[in-house]
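Hi,

Here is the structure I promised to pass on. Have a look at it first, and my notes follow below.

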Amino acid sequence: MEFFRVYGRVLGLLRDERKLAITLAFANVAVAALQFYEPVLLGRVVDLLSNAQRRSTTDLWHAAKQLLVIWAVVGIGGIGANIIVSLQADRMAHRRRLGAMATYFEHVLALPFAFHNAQHSGRLLKIMLTGVDHLFGIWLSFFRENLATFVALFIMLPLSIFMNWQLAALLIVLIIFFAVANAFVVGKTDRLQAQVEEYHSELAGRAGDALGNIHLIQSFVRLGAEAGAIQGIIRRTLEAQYPVLNWWALLSVLTRAASTITVILIFVLGTWLYTQGQATAGEIVSFMGFATMLIGRMDQASGFVSRVFFQMPALADFFRVLDHQSTVIDRPGGKDIGRARGDIDFEDVSFSYDGLRPALQHFTLHVPAGKTVAFVGPTGAGKSTALSLLHRMWDPQSGIIRVDGMDHRDIKLSSLRRNIGVVFQDSTMFYRSIADNLRIGKPDATQAEIEAAARLAEAHDFIMSQPHGYDTLVGERGTTLSGGERQRLAIARALLKDPPILILDEATSALDAVTEARIQKALKALMAGRTTFVIAHRLSTIRDADQVVVLEHGKMAEHGTYAELIERGGVFSSLVATQRAGIESA
Ligand SMILES: Nc1ncnc2c1ncn2[C@@H]1O[C@H](COP(=O)(O)OP(=O)(O)OP(=O)(O)O)[C@@H](O)[C@H]1O
Ligand SMILES: [Mg+2]
């Protein structure tokens, strides 16, 4: 059953501290057993007192003292052990909660674009935070309550049969009722609750999306619409949640009533058994104690089941993300190639994002180490796609990409990506200082190295004009910088990384002509001796490329040097002619 599978898996996450967990479990079982001994002692007190007339005072005191000593040992021992055990259990639960968060986080960061494209980051964050909170709650309940319930069910209940089987039968009927009623309500409501959880995730995704696009919302005056959309999801969430709550409220009422009736029945049946001489007063008191304790346990268990039941869809989401296997996987035995020479081959590579529309078809290209190749073509032609395959943001459906003659999937992912520097069309930044953002390229870079790279990328001057220079905090995703400033930082970052293979995807598209001309110098320096892929719409910037590839609809339409292609008078030459005409008429 789904419930036990998830429960087992949650407890399984404690395996990193297996020894401590098992010790705590045993200690808790002992504590619970001690607790259940109290009703027995109470029963013995009652029996002692009801036979008091027939015993001498000294005899009576002697027996009472014995009982009191046992009681003190049981009580104090139980309390002491309980404090130590719960303290340790709490600490472990806190440790494992943060541990689970770290595991989730690392796992999600390593998942490929294909996964992240289909998920909103707000939703992923919500799944992580809710998931680990639920894990934490279940671990604590396991040590604090569930084990005691276990003891009650599997040790105390069988023992009570030996004490008095008729009274025990009443308890057993009650427990069966609890189990059946719980199972029934779970069956009635589980699909609804999954729907509720789906709405909660949608809420998180939608809110995260709105917060991330605050400028869009304000400039398009979408405030009312966005708030309305959130309200709509909230309404649907509640509409789905209410019927579930009704069922659980009904269950709670029924089980309470059943418990009260059982206690009354025990009292009635007990009195009758007493009058028949089949039970002592002490036994009946013990039993009443047992029954209240057991009912308390069952109440707690029922509460626990309903809580976990409400949390199950969120936990299932959490585990689903954890179970998501990367499609871009490090092959076992992947090689660390150190610094690559940079010889690149695309061999008949085909790729589609959705498996339906091709984004790149039968693409073959050889780029010798240290050479520059320019990709041109209309928007959506597949230029960025071809290069994202090179650094394995995705893996092609067919064909091979080789780096220095080696299938790049046989190279360790980290080793491959360390060899490739990318400056994107739209460079994003971390919400950290400028220096920290640059250091992404080289974590151990000195301030002097950082400044040298920034100077080369024409970024030093604007950085110095920021309020705190290199220590200025960059807004989320770099929003406090202009597009051109972000691009220059991205170029500086790539300079620091110093990779043998470079991808410049519209790296200068956001710069004005003057800054671009200045940066071209820096880019030339950056490209020297590296295999470079340049994607540029401004064709004047690729004149010096060793080869030009023209892509159209994911296919290579033309291929040659700039001069060759102009001479051929095909697609490329007409592209160049159009741009020139555009500039002249402007
Ligand atoms: N992450 C993605 N998921 C699904 N489809 C995508 C994704 N990225 C791009 N595409 C699609 O793949 C095709 C090629 O896109 P690509 O980004 O490679 O074009 P491009 O040549 O770089 O265009 P541009 O010059 O506008 O940057 C387009 O039809 C695009 O809609
Ligand atoms: Mg592109």
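Let me start with Glu198, which counts as partly exposed at 35% relative accessibility. Keep in mind that this is a predicted model. Glu198 forms a salt bridge with Arg123, with 3.5 Å between the closest N and O atoms. This pair ties together distant parts of the chain: Glu198 sits in helix α6 (residues 165-212) and Arg123 in helix α5 (residues 121-163), 75 residues apart. Arg123 has a relative accessible area of 19%, so it counts as buried, the cut-off being under 20%.

In total there are 25 salt bridges. Another one joins the side chains of Arg222 and Glu226, at 3.4 Å from N to O. Here Arg222 is partly exposed, at 35%, while Glu226 is buried, at 15%. There is also a network, in which salt bridges with shared partners connect Asp16, Glu17, Arg95 and Arg96.

Now for the ligand. Ligand 1 has 13 residues around it, and the ones that come nearest are Thr379, Gly380, Lys383, Ser384 and Thr385. Helix α10 (residues 383-390) gives the largest share of this shell, three residues. By class, the shell holds four nonpolar, eight polar and one charged residues.

A few contacts to look up: an oxygen atom of ligand 1 lies 2.9 Å from a polar backbone atom of Gly382, and an oxygen atom of the ligand is 3.1 Å from a polar backbone atom of Ala381. A nitrogen atom of ligand 1 is 3.5 Å from an N or O atom in the Tyr353 side chain. On its own, ligand 1 has 640 Å² of accessible area, and the protein covers 66% of that.

Cheers

Technical notes. Residues numbered from 1 in each chain as written. Chains lettered and ligands numbered in written order. Predicted model: local features only at pLDDT ≥ 70, side-chain atom pairs only at ≥ 80, totals over all residues. Heavy atoms only, no water. Near = heavy atom within 4 Å. Polar contact = N/O pair within 3.5 Å; in protein donor to acceptor, adjacent residues only side chain to side chain. Areas by Shrake-Rupley, 256 points an atom, 1.4 Å probe, with all protein chains shown as cover. Helix = DSSP H or I, 4+ residues; strand = E, 2+ residues; numbered from the N terminus. Nonpolar A, V, L, I, M, F, W, Y, C, P; charged D, E, K, R; others polar. Salt bridge = Lys/Arg side-chain N within 4 Å of Asp/Glu carboxyl O. Buried < 20%, exposed > 50% of the residue type's maximum accessible area, 1.4 Å probe, protein only.
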